[in-house]
There are 2 protein chains.
Amino acid sequence: MRWSLPCRLVTPCRLAPPSLRTILPRRSHSVASSSPALAYKSYGPPDKVIRLDTIPLPPLVASTVQVRVVAAPVNPADINQIQGTYPSKPNFVEPYGAVGGNEGLLQVVAVGPDVKGLKVGDFALPLSKAFAGTWRSQAQCQPDDLMRIDIDGVSPIIAATISVNPCTAYRMLKDFVDLSPGDVVIQNGANSGVGQAVIQIAKFRGLRTVNVIRNRPNLDEVANELKSMGADLVVSEEDVRKPDVAARIQALGAPPRLALNCVGGKSALNLSRMLGDNATLVTYGGMSREPLTFPTSPFIFKNLTCAGFWMTRWYKDNSLDARGTMLRELFQLAREGRLREPKHIVVRWGGDRDKAELERVGAEAVQGGLEGFGVGKRVLVME
Amino acid sequence: MRWSLPCRLVTPCRLAPPSLRTILPRRSHSVASSSPALAYKSYGPPDKVIRLDTIPLPPLVASTVQVRVVAAPVNPADINQIQGTYPSKPNFVEPYGAVGGNEGLLQVVAVGPDVKGLKVGDFALPLSKAFAGTWRSQAQCQPDDLMRIDIDGVSPIIAATISVNPCTAYRMLKDFVDLSPGDVVIQNGANSGVGQAVIQIAKFRGLRTVNVIRNRPNLDEVANELKSMGADLVVSEEDVRKPDVAARIQALGAPPRLALNCVGGKSALNLSRMLGDNATLVTYGGMSREPLTFPTSPFIFKNLTCAGFWMTRWYKDNSLDARGTMLRELFQLAREGRLREPKHIVVRWGGDRDKAELERVGAEAVQGGLEGFGVGKRVLVME
């Protein structure tokens, strides 16, 4: 089944941010007969197993599509997948293995004569595993592997990074606790890609957020960044248990009814201590690698619930219609300037670079993705 | 609001177990003008703070009721309440303080002239905190403090102990996972009062149970007791992670979808490891006093949910109609012999005993309640 997003009314004068015009040049893209790709044949440390391969792209058959990758991020899950520690496994294909990357913005460069509903120039997102690997210049696929999208007025960086982080934030704010304007949400790892999206979506919905981040030399700078996105309160892990912080959280209104945890260990425990009765703590990551540890009593006497969230499972369990509804809402937030580009570093890739250069730049981007959120998510932008 | 259970059809020839006939003598009970009670004026170790007091019972006013306590158990929560560690606090009343005990079977011995719907000889259960303290011979209360029940064909020991343990088991098997016949439930502390009820209610519903108990010299004996109640599998905490146990659990069908935890720590972790995708672990106790500790990954990738259950909260949040429906079903199971008396020790109390003797016997019963489930729940049976 192919699926496309209906067009949305776009303010005519709104343009993509100027710095991104080079990402979407006006000239049409050539149809390549092969594509460089960052691939791996076995699991291991990314800097050991990722290498540059060239994947042949034979002439299209009647029902297939050729796309170029406009931009593709390096997400933590991509790295875990290469390390072999991620439950969702890539498709290894002879002879080049698996291509890294699970997210990105695509643009159609050629369609077979039998393909309906997709034309050259259309933009699309890959549909989960069906599209295997976004860290490459071009790829061939079935129309069913794509969801056509309207990116008018939306930064290509946002479109390329919307399916994992903002969608995770969107679902966690929607599917666990029935939140109303004024309700308080507390999260750790608030500077992460998901954390930034949580702040902005919560702000749009009239929710208040308490945002816990690791202590760092530029704490005030990061706090101000998050506040500029709509964060009500930003506190460091060290400060979160201080009485004045508890008082500032209380001053926001009722105790938080939802906690979002991507750290685990003591940080998650601290979140749970701030929660009110009947609250839910949702875990979507475990950056500290420490287990979740909670005393028994809040489960029994405060009716605490601990749940987990995995975007991949949600995509598997839900319809394309539901996915479309979510994406339409998020793209609209982006058009209205309410959902910004995540903090990111553009890594220019493809173009005229030779194999050695593509491999080096790609490996550096992946390695950079291992280093956490401080400086921003690496996004490969294909030239 | 007063509330009474509609009568149920009872097999006429069915009698209370012979050993219990002395609990329900045919002679009518006198209306006492005072009652001995096991009371406490401050929180502390039960053997330090519990003492025998005599509470005056003045002549009834028009709208009040006088009841005798037929039988009242010593539950762990009663002890925690005396220790001051339980979130639900007793009502301290001058000059005798609070009377221990929150559960029991009552029988009406006198009613004021304006009381409707209750008559001398009726049996009733106390409605949560409204009836303050069951460790006494007689008490006065409002009709609204009582739920009239029909105990024809039901052991008074079951009636006196049904509101806490079997009701907890009933709700946990009903309110968290939509279980169908053949589904598997795993629990620790399976020899506890709740554990025994879980086994029997699950058996009636066609569910299979995996029952984890602490290792002990008479492990086989306890296992056989639990199997006689309907347990499918009984394993010790030590054995639960052995491969053959995992194989025996698998042989029951699908992996467990519900785990019931009253221990915490490593025992709860072991339960969680046996669970299938989308399962829920419900915590209703923390006997080990160790926190709940789980790795992050099952929350995210297996969609594990951890919840808590507290019967007191359920009673507070739900209607008397819902309580009545639950009690009718449980009493019917008891009539049909599907829900047995919990393992218990009768402690005879009241009657002609002097104050010193009542205090000594009562203190021993409470102290016995501290010692765990091995030999059975202490039940004060009033003479």
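This is a short tour of a predicted model, stop by stop.

**Before you start**

Residues are numbered from 1 along each chain as its sequence is written, while chains are lettered from A and ligands numbered from 1 in the order in which they are written. Because the model is predicted, local features need pLDDT of at least 70, side-chain atom pairs count only at pLDDT 80 or more, and totals for chains, interfaces and linings use all residues; side-chain values use heavy atoms, without hydrogens and water.

**Stop 1: an aromatic cluster in chain A**

Select Tyr40(A), Tyr43(A) and Phe92(A). Ring pairs link these three into a cluster. Rings of Phe, Tyr and Trp (its six-membered ring) pair if their centres lie within 6.5 Å; planes under 30 degrees apart are stacked, over 60 edge-to-face, and the rest tilted. Over all chains, 16 aromatic pairs are counted. Take Tyr40(A) with Phe92(A): the centres are 5.7 Å apart and the planes stand at 85°, so this pair is edge-to-face.

Which parts does this pair tie together? Tyr40(A) is in strand 2 (residues 34–40) of chain A, and Phe92(A) is in the loop between helix 2 (76–83) and strand 5 (98–99) of chain A, so the pair ties together parts 52 residues apart in sequence. Helices (H or I, at least four residues) and strands (E, at least two) are DSSP runs, numbered from the N terminus.

Now turn to Tyr43(A) and Phe92(A). Their ring centres are 5.4 Å apart and their planes are at 75°, so this pair is edge-to-face. Tyr43(A) lies in the loop between strand 2 and helix 1 (46–49) of chain A.

Buried or exposed? Buried means under 20% relative accessible area, exposed over 50%, and partly exposed in between (1.4 Å probe, protein chains only). Tyr40(A) is buried at 1%. Phe92(A) is partly exposed at 36%, and Tyr43(A) is partly exposed at 35%.

Lys89(A) lies over the face of Tyr43(A), 5.4 Å from the ring centre. A charge sits over a ring if NZ of Lys or CZ of Arg is within 6 Å of the ring centre and within 35 degrees of the ring normal.

**Stop 2: two domains of chain A**

Colour domain 1 (3–161 + 341–382) and domain 2 (165–312) of chain A. These bounds come from an automatic or database domain assignment. The domain centres, taken over C-alpha atoms, are 31 Å apart. At the boundary, 10 residues of domain 1 of chain A are in contact (heavy atoms within 4.5 Å) with 10 residues of domain 2 of chain A.

How many salt bridges are there between domain 1 and domain 2 of chain A? The count is 1. A salt bridge is a side-chain nitrogen of Lys or Arg within 4 Å of a carboxyl oxygen of Asp or Glu. Select Lys343(A) and Glu225(A): they form a salt bridge, with the closest N and O atoms 3.0 Å apart.

**Stop 3**

Select Arg257(A) and Asp183(A). Their salt bridge has its closest N and O atoms 2.9 Å apart. The pair ties together parts that are 74 residues apart in sequence. Arg257(A) is partly exposed at 31%, whereas Asp183(A) is buried at 15%.

**Stop 4: chain B**

Select helix 4 (residues 165–172) of chain B. There, 8 of the 8 residues are buried, so this helix is largely enclosed by the rest of the structure. Among them are Pro166(B), Cys167(B) and Tyr170(B).

Finish at Tyr315(B). The charged end of Arg323(B) sits over the ring of Tyr315(B), 3.8 Å from its centre.
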